[in-house]
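Hi,

Here is the structure I said I would pass on.

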Amino acid sequence: MSRFLSTLLVLGLTVSVSASVFLYNSSAKASTLRQAASSKNFLLGAAGSIWKFTPDGSYQNTLASQFNMITPENELKWFATEPQQGKFDFYWGDKIVAFAQQNNMRIHGHTLVWFDSLPAWVKNGTFTRDELIAVMKNHIQTVVSHYKGKIQEWDVVNEAIEHHGNGLRDNIFLRVIGPEYIAMAFQFAHEADPDAILFYNDYGTENWPVKSEYQYNLLKGLLQQGVPVNAVGLQMHEYSDNPIPVERYRSELRRLGSLGLRVGVTEFDASSKEPQKNPLSMRLAVQAHTYANAVAACRAVPACKSFTIWGVNDKTTHQSDLAPVIIDANNQPKPAYTSVMKTLLQSK
Ligand code: XIL
């Protein structure tokens, strides 16, 4: 999107918290999800991107009316914030942060160190160990300082564990710096903003015992060394033909909480496209059930203080072919919207 078009969109962006299509009838105590979440002192987030804002305002109205927290979907990734070495660009990040502030939404910063979404100068760089440490420190500290006081929590390290969880994932930081890059990243972020809540974020740990064990031990080790990691994010990208093992997911939340960490579900989505042989109504009902279970488990664990859905509607979300979020491609609430609302309102 051109900066010009985006600037036009961003100028009139303070939206009111009302969205008539989302009215929730029955004995409702809230008419939007945001109201339901806030009434429980709970953070209900969505990934949102300034690049997806629509001229008619529907995308951004939904974002601000239904959610009390936002994760900027791409604007704070390394490729966007430091596209060339030492040349920082906060143009888009500042726009989405301003939108969140105007709408009184908490901001979950995403993400400082990740093998993906790196600019070529980092990914293909030929650094010595000391040089890459300095590059990583400068990146983390410049970005975190820029948003100090505005962004309250950060995914400091994202997806550092190998896909199935047998070890650390290969990336330039591991190759050049060694496993200590993880502890260093948290230390650098903490130095830049001692008040920020610092997350380790990864996927699959609700499902896969090997990976959850590895993550648990990694975090426990970091804490034992005094590394300033405060929280853990479970991304939770789910597929409706592979139901979440709810018991083990809930106990995973509990044991992470028992390390003294805050826990958050950070990127939830659940396909409503599979299995394709099932009628749409059934797939939507299964999706609604999956969302309700996931929210209920988080609400049942005191350490779990936030639940973020990875996208605003099925048209604009990351895996739009899976129709994985709770608002459809026409910006209408799906059964999962209602099930999340009910679960929030019924939770203690
Ligand atoms: C995705 C975004 O949603 C897309 O728009 C982008 O093209 C690629 O990244 N795990 C993460 C997120 O931590 O940053 C990813 O977001 C989805 C998987």
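Predicted model: local features only at pLDDT ≥ 70, side-chain atom pairs only at ≥ 80, totals over all residues.

Residues are numbered from 1 along each chain as its sequence is written.

The overall picture: the C-alpha atoms fill a box of roughly 60 × 50 × 40 Å along the principal axes. The chain has 13 helices and 9 strands (DSSP runs numbered from the N terminus, H or I of at least four residues for helices, E of at least two for strands). Of the 348 residues, 47% are buried (20 or more other C-beta atoms within 10 Å of a residue's own; exposed is 12 or fewer, partly exposed is in between, and C-beta atoms are placed from the backbone).

Now the core. The largest nonpolar core has 87 residues, and Val 156, Ala 185, Ala 189, Leu 198 and Val 340 touch the most other members. Such a core is a set of buried Ala, Val, Leu, Ile, Met, Phe, Trp, Tyr and Cys residues joined through C-beta atoms within 7 Å. Beyond four places in sequence, Val 156 touches residues including Leu 112, Ala 185 and Leu 198 (contact means backbone-placed C-beta atoms within 7 Å).

Next along is Val 157, in strand S4 (residues 153-158). Val 157 is buried because 28 other C-beta atoms lie within 10 Å. Val 157 and Leu 112 are 45 residues apart in sequence, yet their C-alpha atoms are 6.2 Å apart.

Helix H10 (residues 209-224) is worth a look too. Which of its residues are buried? They are Lys 211, Ser 212, Tyr 214, Gln 215, Leu 218 and Leu 219. These cover an arc of only 160° around the axis, so they sit on the same side of H10 (the arc is that of the directions from the helix axis to the C-beta atoms). Strand S5 (197-202), strand S6 (231-234) and helix H11 (246-258) are among what covers them. On the other side of H10, Pro 209, Asn 217 and Gln 224 are exposed. After H10 comes Gly 226, with a positive phi near 80°.

Cheers

Terms used
Contact = placed C-beta atoms within 7 Å.
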